[in-house]
Amino acid sequence: MVGFPSDYDYKGMVRENLLKNCPVTISHINNAKTIFGPAVPSLKGKTVRQSPEVVRIDYVEVLRNIQMEHEHVTLAADIMFVNKLPFLVSILRNIQFITVEHIANKKKE
């Protein structure tokens with residue numbers, strides 16, 4: 001059983017004739033990689049998870065009477081694309097307040 005060896009290991013197996021009755025040559029392996037790109041299952045097995053960026057928390061002072069009236073409010077946010085232009089969409093679920101803001105650039109500041 002071979003699974004998804006790396007290109008280097010697969011070429012080594014073909015070069016050393018470790019696969020019986022295998023008509024594949026090293027040039028076939030090179031051509032397949034050029035045409036189809038790297039093997040996706042092999043990449044999935046060897047790709048490491050990148051650590052996500054730390055979420056920055058900003059606290060804003062809110063008046064006490066507003067705080068008492070809207071004690072439990074859920075904020076949801078997402079990025080929406082319209083004609084490939086990014087917009088930040090947010091909604092305060094309990095009070096049904098929706099905002100949409102165009103994102104001028106997506107670079108880290």
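Select Arg 56 and Asp 58 to start: their side chains meet in a salt bridge, with 3.7 Å from N to O. A salt bridge here is a side-chain nitrogen of Lys or Arg within 4 Å of a carboxyl oxygen of Asp or Glu. Asp 58 is exposed, and Arg 56 is exposed too. The accessibility classes are buried (under 20% relative accessible area), exposed (over 50%) and partly exposed (in between), with a 1.4 Å probe and protein chains only.

Before moving on, note that this is a predicted model, in which local features need pLDDT of at least 70 and side-chain atom pairs count only at pLDDT 80 or more, while totals for chains, interfaces and linings use all residues. Residues are numbered from 1 along each chain as its sequence is written, and side-chain values use heavy atoms, with hydrogens and water left out.

By the salt-bridge rule the count is two. Select Asp 7 and Lys 33 for another: the closest N and O atoms of this salt bridge are 3.2 Å apart. This pair links distant parts of the chain, since Asp 7 sits in helix H1 and Lys 33 in helix H2, 26 residues apart. Helices (H or I, at least four residues) and strands (E, at least two) are DSSP runs, numbered from the N terminus. Asp 7 counts as partly exposed because its relative accessibility is 30%. Lys 33 has a relative accessible area of 43%, so it is partly exposed as well.

Which element gives the most to the lining of the second largest pocket? H2 does, with four residues. The pocket has a volume of about 290 Å³. By type, its lining divides into nine nonpolar, four polar and two charged residues.

The terms are as follows. On a 1 Å grid over the protein atoms alone, a pocket is an open set of points with protein on both sides within 12 Å along at least five of seven lines, a 1.4 Å probe is used, and lining residues have an atom within 4 Å of a point. Grid points are joined across faces, edges and corners, and a volume is the space filled by probe spheres set on the points. Ala, Val, Leu, Ile, Met, Phe, Trp, Tyr, Cys and Pro count as nonpolar, Asp, Glu, Lys and Arg as charged, and the others, Gly among them, as polar.

Asn 17 is exposed because its relative accessible area is 65%. Asn 21 is also found in the loop between H1 and H2, and has a positive phi of about 55 degrees although it is not a glycine. With a relative accessible area of 81%, Asn 21 is exposed.

Now select Lys 44, in helix H3. Lys 44 counts as exposed, at 67% relative accessibility.

Finish with Val 82, in strand S1. Val 82 counts as partly exposed, at 38% relative accessibility.
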